[in-house]
Amino acid sequence: MLNPTMPAWAEIPTLDLDRDRRPHGAGLDAPPPRRPLAAPSMPARDAILGALGIAALYTLPDLRAAAVPCRSPAMTLQASSDPSHDFDFLHGRWIVRNRRLRERLVGCADWDAFDGVQACRPILGGLGNEDEFITDAFGADRFIGMSIRLFDPRAREWSIFWVDNRSVQLQPPVRGRFDGGVGTFYGRDAHAGTPVLARFVWTVVSADRARWEQAFSTDEGASWETNWIMEFERSDA
């Protein structure tokens, strides 16, 4: 049973997971060097898309191409009372400032800082979106991750899936919804063999800024350790 302060929809059955499969570079604990982004590797992206069985929706050069606005017509902090539009703010291209906890669940207070780029676009007629996050922060091989977000009209909640070019495996989702410009999503996972409850928090700061945080709990949500923070700044404003 989850912490009683958590919403009822956040009660999630335990999954049998034996490794850390959390999004955005799980298991990449080496301090990241800082260097400029170079042209992405097409085979790595093709492997991700092949694992998902979907066609490319944009090319990687789009991430560095001339800005083309990609916002919804009524892009505001809360564009619509229809929750299927809750992630419309994320459409477009972004510069992503990252802070990542160097070690998780051991009381570490040291953080690594690095930059990445991301591009997001709607899919399925607006009932979902997909994005690519790219960084050179984890060594010689470029890290590429893809999120797929799907809206369930019946449950009126979002599921967020992740795959990257390290594992090339679609990971179990976190699920949740937005309330007042803040989206909270929960899912079960494991880190270094330890079962964890994972939490994503999306905060819409403005039409051109957003924030994402990831946290783990080993006590069913009674306490949390934040291990990754992303600050998004629109690059096509």
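Which residues does F232 touch, not counting residues up to four places away in sequence? In this predicted model, F232 touches L90, W94, I95, V96, Q118, W202, D208, R209, A210 and W212.

**The chain as a whole**

- The protein chain has 1 helix and 10 strands, and along the sequence they follow the pattern α-β-β-β-β-β-β-β-β-β-β.
- Of the 237 residues in the protein chain, 49% are buried.
- Among contacts with a separation of 6 or more, 54% are between residues 24 or more positions apart.
- The chain exposes about 11,000 Å², and carbon and sulfur atoms supply 53% of that area.

- The mean pLDDT of the protein chain is 78, and 65% of its residues reach 70 or more.
- Residues 14-36 have a pLDDT below 50, and this stretch has 72 contacts in the model beyond near neighbours in sequence.
- Residues 38-79 also stay under 50 in pLDDT, with 77 contacts beyond four places in sequence.

**The nonpolar cores**

- In soluble globular proteins, nonpolar side chains tend to be buried together.
- The largest nonpolar core here has 26 residues, and F87, F89, L90, F185, W202 and F232 touch the most other members.
- Elements that give two or more residues to this core include β1 (92-101), β2 (111-123), β8 (194-206) and β10 (225-234).
- A second, separate core has 5 residues, including I123, M146, I148 and F161.

**Aromatic rings**

- The structure holds 18 aromatic pairs.
- One of them is W94 with F232: the ring centres are 5.9 Å apart and the planes are at 85 degrees, so this pair is edge-to-face.
- W94 sits in strand β1 and F232 in strand β10, so to speak a link between distant parts of the chain, 138 residues apart.
- Both W94 and F232 are buried.
- F200 and W212 are also edge-to-face, because their ring centres are 5.2 Å apart and their planes are at 75 degrees.
- F200 belongs to strand β8 and W212 to strand β9, so this pair ties together parts that are 12 residues apart in sequence.
- F200 is buried, and W212 is buried too.
- One aromatic cluster is formed by F87, F89, W94, F151, W158, F178, F185, W202 and F232.

**Strand β4 and its partners**

- Strand β4 is mostly covered, with 8 of its 10 residues buried.
- On one side of the pairing list is β3 (residues 128-135), which runs antiparallel to β4 and is joined to it by 8 bridges.
- In that pairing, N129 has R149 of β4 as its bridge partner.
- Strand β5 also runs antiparallel to β4, and 8 bridges join these two strands.
- Here L150 has S159 of β5 as its bridge partner.
- The hairpin of β4 and β5 has 4 residues between the strands, and R156 takes a positive phi near 55 degrees in this hairpin.

**A glycine in strand β7**

- G183 is in strand β7 (residues 182-191).
- With a relative accessible area of 0%, G183 falls under the 20% cut-off, so G183 counts as buried.
- Leaving aside neighbours within four places in sequence, G183 is in contact with R177, F178, F200, V201 and W202.
- G183 and F200 are 17 residues apart in sequence, while their C-alpha atoms are 7.9 Å apart in space.

Terms used:
Residues are numbered from 1 along each chain as its sequence is written. This is a predicted model: local features need pLDDT of at least 70, side-chain atom pairs count only at pLDDT 80 or more; totals for chains, interfaces and linings use all residues. Side-chain values use heavy atoms; hydrogens and water are left out. A nonpolar core is a set of buried Ala, Val, Leu, Ile, Met, Phe, Trp, Tyr and Cys residues joined through side-chain atoms within 4.5 Å. Buried means under 20% relative accessible area, exposed over 50%, partly exposed in between (1.4 Å probe, protein chains only). Contact means heavy atoms within 4.5 Å. Two strands pair if DSSP finds at least two bridges between them. pLDDT is the predictor's confidence in each residue, from 0 to 100. Accessible areas come from the Shrake-Rupley method with a 1.4 Å probe; for residues, only the protein chains shown count as cover. Rings of Phe, Tyr and Trp (its six-membered ring) pair if their centres lie within 6.5 Å; planes under 30 degrees apart count as stacked, over 60 as edge-to-face and the rest as tilted.
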